[in-house]
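Reader: Hi! I am new to reading protein models; could you walk me through this one?

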Amino acid sequence: MRRHTPALMLQGTGSHAGKTVLAAGLCRLLTRAGLRVLPFKAQNMSNNAWVTDEGQEMGWAQAMQAEAAGVEPRVDMNPVLLKPESDQRCQVVRLGRPLETVAAREYARLGPRLWPTIAASYARLARAADVLVIEGAGSPAEPNLMRRDLANMRVARLAHARVLIVGDIDRGGVFASLAGTMALLPASDRRLVSGFILNKFRGDPSLLGRAPDALRRRTGTPVLGVVPFLSGLGLPEEDSLGLDRSGRRRTPPGDLRVVVLRLPAIANATDLAPLEAEPGVTLSFAERAGDLAEADLLVLPGSKDTLADLAHLVAGGFVPRIRAHVAAGRAVLGICGGYQMLGERVEDPDHVESGGAAPGLAVLPVTTRLEPRNNNRRVR
């Protein structure tokens, strides 16, 4: 009988439960124990992408986990990357290259084409590893998604993995979320779950009292660990859900105030994460035009839909504020789509994103025309 490479899989009660950081921590812990560890996430949804030496795109989170494991990131670690362009449309990246852009309701039809890629990527990693640390996506217990699952229990069965369900106790309702997750899972999937992790706990764990025992009696599954809330990790958020939404943070006297426009289709916000750890710098994300006041450096970040985000700036009253910022001699930085918006015109005749054309902010003498072929390169 063929031996399966040991695999541990972290799934969650929902997005932002802390699976990414816990998976990275396990990668580092097992690597320090002398094992060759490789991370894996079958399907990731994020506009924060990493570019490999070969110019292939993969989720930033798996690149970070690879670094924790002391290995070079490779697209097999995240064979399917979904890059949202709007609430209803996303670009599907398969093995580091764009496959097609689809409406949300059409994505399910790609499952039969994507699953063999996922299975083959996992097999290649399994042959090269002593153990795999696998991250799920969202929640495994969504009744509307179970039958077309590409990232959770189907992967656990493929890998013969032991599954840990992670709950975010900092947000409240963690015991109900864990019990509800188990109640919604089919019996065959419940048997794959070895335990629960209570993540982001503040304070004295003894305050939990007998609640973990009550959860075990109700579900038959034990709480295997309580992880404290870890502040100041200096790790970027995997997606925009975790970005600071307060544009009016208090700036200590003498700090450089960097304000980033929080665009609806913001991309690669991880580029700005190092500024959060920089002494003497206060970084905030602006959702309202008034949040731009007093910025020393105004940043227009990358975008997965440049024209739509440009329209958002016009409709939200940001444009006069941006022009006033420039006229006052203050610094402005445009990255990728943000740089294109600062030009005189943006054109998308081939519908690379949402299509169309519009005047830019006319801060730079630049005209941008989006073309279907995208060149990705590692830079320093």
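Predicted model: local features only at pLDDT ≥ 70, side-chain atom pairs only at ≥ 80, totals over all residues.

Reader: Which residue forms a salt bridge with Glu 135?
Author: Look for a side-chain nitrogen of Lys or Arg within 4 Å of a carboxyl oxygen of Glu 135. The closest N and O atoms of the pair are 3.2 Å apart, and the partner is Lys 41.

Reader: How many residues apart are Lys 41 and Glu 135?
Author: Lys 41 sits in the loop between β2 (37-40) and β3 (43-45). Glu 135 belongs to strand β9 (residues 131-135). The pair links distant parts of the chain, and the separation is 94 residues.

Reader: What is the relative accessible area of Lys 41?
Author: Lys 41 is buried, as Glu 135 is. For Lys 41 the value is 5%.

Reader: Arg 157 forms a salt bridge with Asp 189; which helices hold the two residues?
Author: The closest N and O atoms here are 2.6 Å apart. The two residues are 32 residues apart, so we look for two elements in distant parts of the chain. Arg 157 is in helix α4 (residues 153-159), and Asp 189 is in helix α6 (residues 187-190).

Reader: Which strands are tied together by Lys 200 and Asp 168?
Author: These two residues form a salt bridge, with their closest N and O atoms 3.5 Å apart. Both Lys 200 and Asp 168 are buried. Because Lys 200 lies in residues 193-201 and Asp 168 in residues 162-168, the strands tied together are β11 and β10.

Reader: How many salt bridges does the count come to?
Author: Besides the pairs above, there is a network of salt bridges that links Glu 85, Arg 89, Lys 304 and Asp 305. With the 4 Å rule, the count comes to 16 salt bridges.

Reader: How many disulfides are there?
Author: A disulfide needs two cysteine sulfur atoms within 2.5 Å. Take Cys 336 as an example: the nearest cysteine sulfur, that of Cys 90, is 18 Å away, and Cys 336 is in no disulfide. The count of disulfides comes to zero.

Reader: Is Cys 336 buried or exposed?
Author: Cys 27 has 0% relative accessibility and counts as buried. For Cys 336 the value is 54%, and the cut-off for exposed is over 50%, so Cys 336 counts as exposed.

Reader: Where does the aromatic pair of Phe 40 and Tyr 122 lie?
Author: The structure holds one aromatic pair. Phe 40 and Tyr 122 are edge-to-face, 5.3 Å centre to centre with 75° between the planes. Phe 40 is buried at 0%, and Tyr 122 is buried at 5%.

Reader: What distance does helix α1 reach from its first C-alpha to its last?
Author: Helix α1 covers residues 19-32 and has 14 residues. At 1.5 Å a residue, the expected value is 20 Å. The helix comes close to that, reaching 20 Å.

Conventions:
Residues numbered from 1 in each chain as written. Heavy atoms only, no water. Helix = DSSP H or I, 4+ residues; strand = E, 2+ residues; numbered from the N terminus. Buried < 20%, exposed > 50% of the residue type's maximum accessible area, 1.4 Å probe, protein only. Expected span 1.5 Å × (residues − 1). Phe/Tyr/Trp six-rings, centres within 6.5 Å; stacked < 30°, edge-to-face > 60°.
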